[in-house]
Amino acid sequence: MDGDLSEGGMQTVALNEAVSAAISASGGGDSHHHGGPNSLPNSGTQSQPANATSPIPTPRPTSLPQYPHTPGSAYTSPNSANSPAMSPIPLATPTTPGTENGAALVRSNSSKMETIKTWSISTYKCTKQLLSEKLGKSSRTVDAELEGQIEALRDTQRKYSQILRLARALSSHFFHVVQTQQQLGDAFADLAQKSPELQEEFIYNAETQRSLTKNGETLLGALNFFVSSVNTLCNKTMEDTLLTVKLYEGARIEYDAYRSDLELLSQQPRSEISSIKLEEAQRNFSGHKAHYDRLRADVAIKLKFLEENKVKVMHKQLLLFHNAVSAYFSGNQTALEATLKQFNIKLRSPNATSPSWLEQSVPETFQTIFGSLNSPTK
C-alpha cells in the first residue's frame with residue numbers, strides 16, 4: 001500500500017515539471033509572476049496560458065490497491081480507523097446450522113410426536129372400551145377355557161401364599177424353640193456342676209435338651225428349604241405367568257376396542273373419506289388381532305408348563321415336609337438325617353460364623369498376586 005502511494009506522488013511531481021517546462025518554452029515572460037521555472041504552485045493543478053502551442057502530456061492514472069470484496073457485504077476501507085491495517089474482514093451473513101443435524105432433529109421430534117399421538121389414541125380407545133363393557137354397551141372377546149385356567153391360577157397363588165405365610169411362621173416359632181432348648185440345656189449343665197446332690201438328674205436333662213436342639217436344627221433346615229421352594233414357586237414362577245396374563249388382558253382390550261371401531265365404521269355410508277378410514281381401521285384391527293393371538297398362545301403354553309412344574313416341585317416339597325416332621329416328633333434321628341440327605345440339604349454348623357472381610361479379601365489378593373506372577377509373560 002505504501003509503494004502505491006509513493007508511485008502516485010512521483011507521478012504528480014513529474015507532471016508539475018512537464019507543465020513548468022512548457023511554460024518556459026512558450027515565452028518565459030510570465031515566469032516572474034510564478035516565482036521562476038522551478039517554483040511549484042500550492043495546488044495540485046496548473047493553469048495553461050492562452051498562447052501555449054505544445055500539448056500538455058496526459059497524466060497516467062494512478063492504480064489503487066485492490067482488496068477482496070464479497071458481493072452482498074459492506075466494503076471496508078483499508079485506511080479506516082476501525083479496520084485492520086493489512087487484512088480487512090468483510091461482513092458476511094450469519095451461518096445456519098447444518099442441514100443434516102437440522103433434519104435429524106426434525107425427524108426425532110416428529111417421531112416423538114407420532115409416538116405420543118399413537119399412545120393417546122390407543123389409551124382413549126381402551127378407556128372407552130372398558131367403560132362400554134362395564135356399562136353393558138359393548139361386547140368383549142371371551143376365551144372360556146383360558147379364562148377358567150387363569151382364574152384357577154390366581155386362586156392357586158392365593159392358597160399357596162397362605163401356605164407360605166404359615167410355613168414361615170412355623171419356621172420362625174420353631175427357631176425360637178430351638179434357641180430356648182439350647183439355653184435350657186446349657187443351664188442344666190451348669191447346675192449339674194454346682195449341685196452334687198442333683199448332678200445326675202441335671203446331666204440327663206442337659207443331654208436331652210442338647211439332643212432336641214440338634215434334631216431341631218436339622219428340622220429347621222428342612223423347614224427353611226420348604227419355605228424357600230414354595231416362595232420361588234409362588235412369587236417368581238406364578239408371578240411370571242401372571243405378568244404374561246396381564247399383557248394378554250391388555251392386548252384383549254385393545255383388540256376389542258379396534259374391533260368395535262371397525263364395526264362402527266363399516267356401518268357408516270360409503271364415501272371416499274370413509275373408505276380411507278375403513279382401510280386404516282382394518283389395518284389396525286389386523287395388527288392388534290395378531291398381537292392378541294400371539295399373547296393368547298403364550299399364556300396357554302405358560303399355564304401348561306406351570307402346572308407341570310408345580311406338580312413336580314410340590315410333590316418333592318410335601319414329601320420332604322412330611323418325612324422331616326414325622327421323624328423329628330417321633331424321635332427318629334436317623335430317619336431325619338436320611339431325609340435331609342435324600343433331598344441334598346446341607347446344614348450350616350451352629351458354631352460356624354461368617355468369615356470377616358479380612359479373611360475374605362486377603363486370600364483373593366494373594367491369589368491375584370501369585371496368579372499374575374505365575375502367568376507366562378509375552
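Trainee: Which pattern does the chain follow, read along the sequence?

Mentor: The model is a predicted one, and its chain follows the pattern α-α-α-α-α-α-α-α. In counts, that is eight helices and zero strands.

Trainee: How many of the residues count as buried, in percent?

Mentor: The chain has 378 residues, of which 24% count as buried.

Trainee: Let us turn to the packing of helices. At what angle do the axes of α4 and α5 cross?

Mentor: Helix α4 covers residues 144–194 and helix α5 covers residues 199–266; their axes cross at roughly 160° and come within 7 Å. Angles over 145 degrees count as roughly antiparallel, so α4 is roughly antiparallel to α5.

Trainee: Is that crossing left-handed or right-handed?

Mentor: The crossing of α4 and α5 is left-handed.

Trainee: What about α6 and α7, at what angle do they pack?

Mentor: Helices α6 and α7 pack at about 160°, and their axes are 8 Å apart. This makes α6 roughly antiparallel to α7. The crossing of α6 and α7 is left-handed.

Trainee: How many residues has α6, and what does it reach from its first C-alpha to its last?

Mentor: Helix α6 spans residues 272–329, which is 58 residues, and it reaches 83 Å from first to last C-alpha. That is close to the 86 Å expected at 1.5 Å a residue.

Trainee: Which residue follows α6?

Mentor: G331 follows α6, and its phi is positive, near 80°.

Trainee: Where is N344 found?

Mentor: N344 lies in the loop between α7 (333–342) and α8 (357–374). The phi of N344 is near 55°, a positive value in a residue other than glycine. For context, most residues other than glycine have a negative phi.

Trainee: Is N344 buried or exposed?

Mentor: N344 has a relative accessible area of 67%; the cut-off for exposed is over 50%, so N344 is exposed.

Trainee: A change of topic: how many disulfides does the structure hold?

Mentor: The structure holds zero disulfides. A disulfide is a covalent bond between the sulfur atoms of two cysteines.

Trainee: Are C126 and C234 buried or exposed?

Mentor: C126 has a relative accessible area of 14% and is buried. C234 is buried as well, with a relative accessible area of 0%. Both values are under 20%, and therefore both residues count as buried.

Technical notes: Residues are numbered from 1 along each chain as its sequence is written. This is a predicted model: local features need pLDDT of at least 70, side-chain atom pairs count only at pLDDT 80 or more; totals for chains, interfaces and linings use all residues. Side-chain values use heavy atoms; hydrogens and water are left out. A disulfide is a pair of cysteine sulfur atoms within 2.5 Å. Buried means under 20% relative accessible area, exposed over 50%, partly exposed in between (1.4 Å probe, protein chains only). Helices (H or I, at least four residues) and strands (E, at least two) are DSSP runs, numbered from the N terminus. Axes are lines fitted to C-alpha atoms, for helices over the stretch in contact, and angles run from 0 to 180 degrees between N-to-C directions. Angles under 35 degrees count as roughly parallel, over 145 as roughly antiparallel, 65 to 115 as roughly perpendicular and the rest as oblique. A crossing is left-handed if the near helix is turned anticlockwise from the far one by less than a right angle, and right-handed if clockwise. The expected span of a helix is 1.5 Å times one less than its number of residues.
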